[in-house]
Amino acid sequence: MKQDSNNSLKVLLKKEMLIALKTPSAYVVIIVFLLISGYLFADGLFLSNVATLRPFFTLTGIMFLFFIPALTMRSFSEEFRNGTLEVLVTHPVSRTRLIAAKLLSSYLIVVASLVPTIFYVIVVASLGNIDPGTAFAGYLGLLFLAAGYVSAGVFASSLTQNQVVAFIIALFILFIFFILDKVTALTTGSVAYIMQYASSDFHLASFYKGAIDLRDVVYFLGVTIFFSSMTSKWLELRFK
Amino acid sequence: MGLEIRGVSKLFGSKTAVDNISFQINEPSVVGFLGPNGAGKTTTMRMITGYLAATEGEIAIDGQRVDPAHAGLRSKIGYLPESNPLYTEMEVHEYLKFTAQLSGLDAAATSRRLEFVVERCGLREVLYDPIYRLSKGYKQRVGLAQAMIHDPEILILDEPTSGLDPNQVIGIRDLISELAKEKFVVLSTHILSEVQALCNRVLIINRGKLVLDATADELQHRSTGLLTIVVKTGLPAEKVAETFQKALEPSRCSAKKNGGTVNVQLSLKDSDEVRERAFDLCVTNNFKLLGLSNSGTDLENLFRELTLGSDETGQQQ
């Protein structure tokens with residue numbers, strides 16, 4: 001009668017996706033993302049007149065600063081506001097699986113919204129020669145970036161029951177990561193180096209150039225794990 | 001076997017929400033949890049379910065300690081929270097299947113239990129409706145179905161009949177009574193008549209402390225009876241109440257004028273014995289007696305005594 005409790009991640013993920021598909025907010029966010037990215041891509045392509053995906057990757061990285069907090073803002077906030085977290089955590093579900101389901105569901109939506117952008121690759125490829133390896137590395141960079149950002153967004157959402165506040169906190173956190181390597185001139189020495197290393201854009205740059213460096217992979221995985229652990233710790237404190 | 005709460009306290013900052021509560025439930029029954037708002041009922045229930053950790057003391061189910069950090073024991077508990085939170089975007093069957101699978105039921109058990117709870121909670125006609133479209137009564141039934149779908153040993157129901165119409169209330173009470181033949185049911189309610197109708201045992205909690213732990217029989221002995229007298233008289237209600245108060249000395253007396261009649265309610269230790277004296281009093285005072293009934297236990301009075309006694313400015317229920 002009872003099945004393996006490992007199944008709870010699958011059950012939770014299914015519920016997250018079902019609710020995401022039934023609420024208009026995810027569709028609105030994806031459509032707005034695709035419209036803006038499409039406009040910026042076309043505008044940049046015809047302005048620069050160069051067959052390259054670099055501007056698309058750079059702009060998408062910046063758009064993720066807004067797009068991902070908009071997707072993750074409801075993940076825990078909505079559960080707090082409706083009280084449904086009380087139902088979830090009184091079932092035999094571990095906190096880790098609960099957080100993993102939240103991360104995976106938002107991440108899958110980000111991945112799904114990136115799929116139509118392959119059309120841009122086809123357009124650029126038809127206009128000139130692009131290096132498939134660079135395109136692959138660029139997408140891989142975006143996927144790693146999305147993992148870190150989703151994790152930070154879910155953490156922000158676990159701090160409050162107000163979705164707008166969750167969005168602003170996530171935007172603030174991500175903006176700090178984004179801006180760090182752009183303000184290194186304000187300081188010198190090891191502090192400047194640390195700031196640069198902590199910046200998300202710094203690690204993305206090598207992906208966009210077509211290089212997959214293990215240090216960059218470790219950085220993004222580290223950010224993902226760091227914020228997931230923070231979420232777990234925060235939820236633990238909340239129920240004490 | 002069963003549920004054991006040993007010296008459990010819960011502090012939120014410096015505020016004590018639950019103060020050294022202990023009780024045991026060793027056999028299938030309905031235990032009613034009563035208390036004014038903010039007395040600590042919901043906090044205690046949340047600690048039993050593992051939603052909140054106790055600051056002190058221990059909660060054990062079948063001898064195993066409940067620990068919020070470990071999910072294992074939770075499949076033994078079915079919980080209907082006070083606010084009945086639901087994923088309103090989901091359809092009823094989707095939600096119930098989700099909670100069944102979350103409790104670890106496989107596909108076959110899920111469909112078998114779904115069939116059972118749908119039948120028992122009367123959800124057949126709304127099974128494919130999104131929850132946001134349901135009335136409050138149906139939502140409450142979905143919450144109750146969620147609590148029992150995985151066939152738990154212990155049911156913790158925080159105000160299970162809230163928002164239901166009288167017919168639904170009777171249906172749900174019947175269901176709870178039947179479930180209690182083989183399950184441990186702990187329910188909280190504000191409806192005192194519900195406690196009398198349903199519970200084998202009553203726990204009254206006030207300001208975080210357990211002030212009464214009594215079986216239904218003990219409660220009957222302990223509490224006063226309620227005698228209702230309807231008389232026809234030209235006198236004002238206060239005058240009639242005064243007459244009964246002086247002669248019968250009830251612990252509580254209230255009178256209400258209704259047209260030409262006055263409805264008097266008396267709380268008495270032995271309301272059966274007093275009936276004859278009440279009749280004589282009506283004759284002596286020339287009150288035309290239209291009705292005299294003994295409504296049994298005045299739990300309301302006992303509740304007031306226990307929860308207002310030490311609180312002069314306390315809120316009444």
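User: How many helices and strands are there in chain B?

Analyst: Helices (H or I, at least four residues) and strands (E, at least two) are DSSP runs, numbered from the N terminus. Chain B has 10 helices and 14 strands. This is a predicted model, in which local features need pLDDT of at least 70 and side-chain atom pairs count only at pLDDT 80 or more, while totals for chains, interfaces and linings use all residues. Residues are numbered from 1 along each chain as its sequence is written, and chains are lettered from A and ligands numbered from 1 in the order in which they are written.

User: In what order do the 4 strands of the open sheet in chain B stand?

Analyst: Two strands pair if DSSP finds at least two bridges between them. Here the order is β2-β1-β4-β5 (chain B), with antiparallel pairing. β2 (15-25) and β5 (64-65) of chain B are at the edges; each has a single partner strand, so one side of each lacks a neighbour in the sheet. Strand β1 (residues 3-12) of chain B pairs with β2(B) over 7 bridges, and L3(B) has I25(B) as its bridge partner in β2(B).

User: How many residues of chain A are in contact with chain B?

Analyst: Two residues are in contact if their C-beta atoms, placed from the backbone, lie within 7 Å. By this criterion, 24 residues of chain A contact 28 residues of chain B. The largest share of the side of chain A that touches chain B comes from α1(A), with 6 residues.
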